[in-house]
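I opened the notebook to record what I looked up in this structure, going from the overall fold to one strand and its neighbours.

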Amino acid sequence: MTQKENPTTAIVRMEKVNKHFGKLHVLKDIDLEVMPGEVVVVIGASGSGKSTLIRCINGLEEFQSGHIEVDGNELTPHGKSGRALQKIRTEVGMVFQQFNLFPHLSVRDNVTLAPMKVRGWSQEDAMETAERLLERVGISDQADKYPAQLSGGQQQRVALARALAMEPRLMLFDEPTSALDPEMIGEVLDAMRELAREGMTMIIVTHEMGFAREVADRVIYVHQGEIAEEAPPETIFDSPNDERTRSFLSRVLKH
């Protein structure tokens, strides 16, 4: 892993964040800071709250109490964040389990749409950026095709290029390989590895433990809505301190 910058101000700060779905308490007093250039990987069992955690960071999920600040913009409970939320969504890119591409647009047009509509870029600048990013994720030869003509791995790399086209300060990944066939997972992880090497700030929810060990600066284990343990990957995977972490890893690393 390349040497990261030595930042002093967190790009993400969560303090005592609580999230409920009705009577279900999904996030419980979450405290988390992420520094610029850091790669944080979030692991945990299905239903533990890890995806909800990152979806709160860019306002896709409302939270009921606590404090979230992203790149100096404060999100407030119950979704009453107004302009701050709009600002965050232009500075934070997100790649989901599903690709969410526009089926009626070509690959190139999927990537150029947001920079032109949201950033106000000229078509020429947006096209130049799209070509560069499609080359970066290894699918420049697919630019004139439509999503239905691509494999799942190729579609996910288009989704990654589309998110990067907004020049985000932070990238969020919500299990980006979970909907892919096994042979397609590697090509998406390779593109993410390259982002990590380049120093992109990333928060990644994933079940890919080998990938987590390789790219993470820090791994967070979420258990029933709480951060049970956070540590460098060598600590989490080789000598976790919390019994809940040990139990989880003993199950998932068997397979």
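The entries below follow the order in which I looked things up.

Entry one, the whole chain. I kept in mind throughout that this is a predicted model. I looked up the secondary structure and found nine helices and ten strands. The radius of gyration is 18 Å, close to the 18 Å that the globule rule gives for 255 residues, so the protein is as compact as a globular protein of that length. I noted that the C-alpha trace spans about 50 × 45 × 40 Å along its principal axes.

I found 29 positive and 39 negative side chains, and the centres of the two sets lie 5 Å apart.

I turned to residues 39-43, where five of the five residues are buried. Val-39, Val-41 and Ile-43 point one way from this strand, whereas Val-40 and Val-42 point the other way. I set beside this the general point that in a regular strand the side chains alternate between the two faces of the sheet.

Entry five, the partners of strand 3. Strand 8, residues 202-205, runs parallel to strand 3 and is joined to it by four bridges, with Val-41 standing opposite Ile-204. Strand 9, residues 218-223, also runs parallel to strand 3 and is joined to it by four bridges; here I noted Arg-218 as the bridge partner of Val-40.

Key: Residues are numbered from 1 along each chain as its sequence is written. This is a predicted model: local features need pLDDT of at least 70, side-chain atom pairs count only at pLDDT 80 or more; totals for chains, interfaces and linings use all residues. Side-chain values use heavy atoms; hydrogens and water are left out. Helices (H or I, at least four residues) and strands (E, at least two) are DSSP runs, numbered from the N terminus. The radius of gyration is taken over C-alpha atoms; the globule rule is 2.2 Å times the number of residues to the power 0.38. Lys and Arg count as positive and Asp and Glu as negative; His and the chain ends are not counted. The place of a charge is taken as NZ of Lys, CZ of Arg, CG of Asp or CD of Glu. Buried means under 20% relative accessible area, exposed over 50%, partly exposed in between (1.4 Å probe, protein chains only). Two strands pair if DSSP finds at least two bridges between them.
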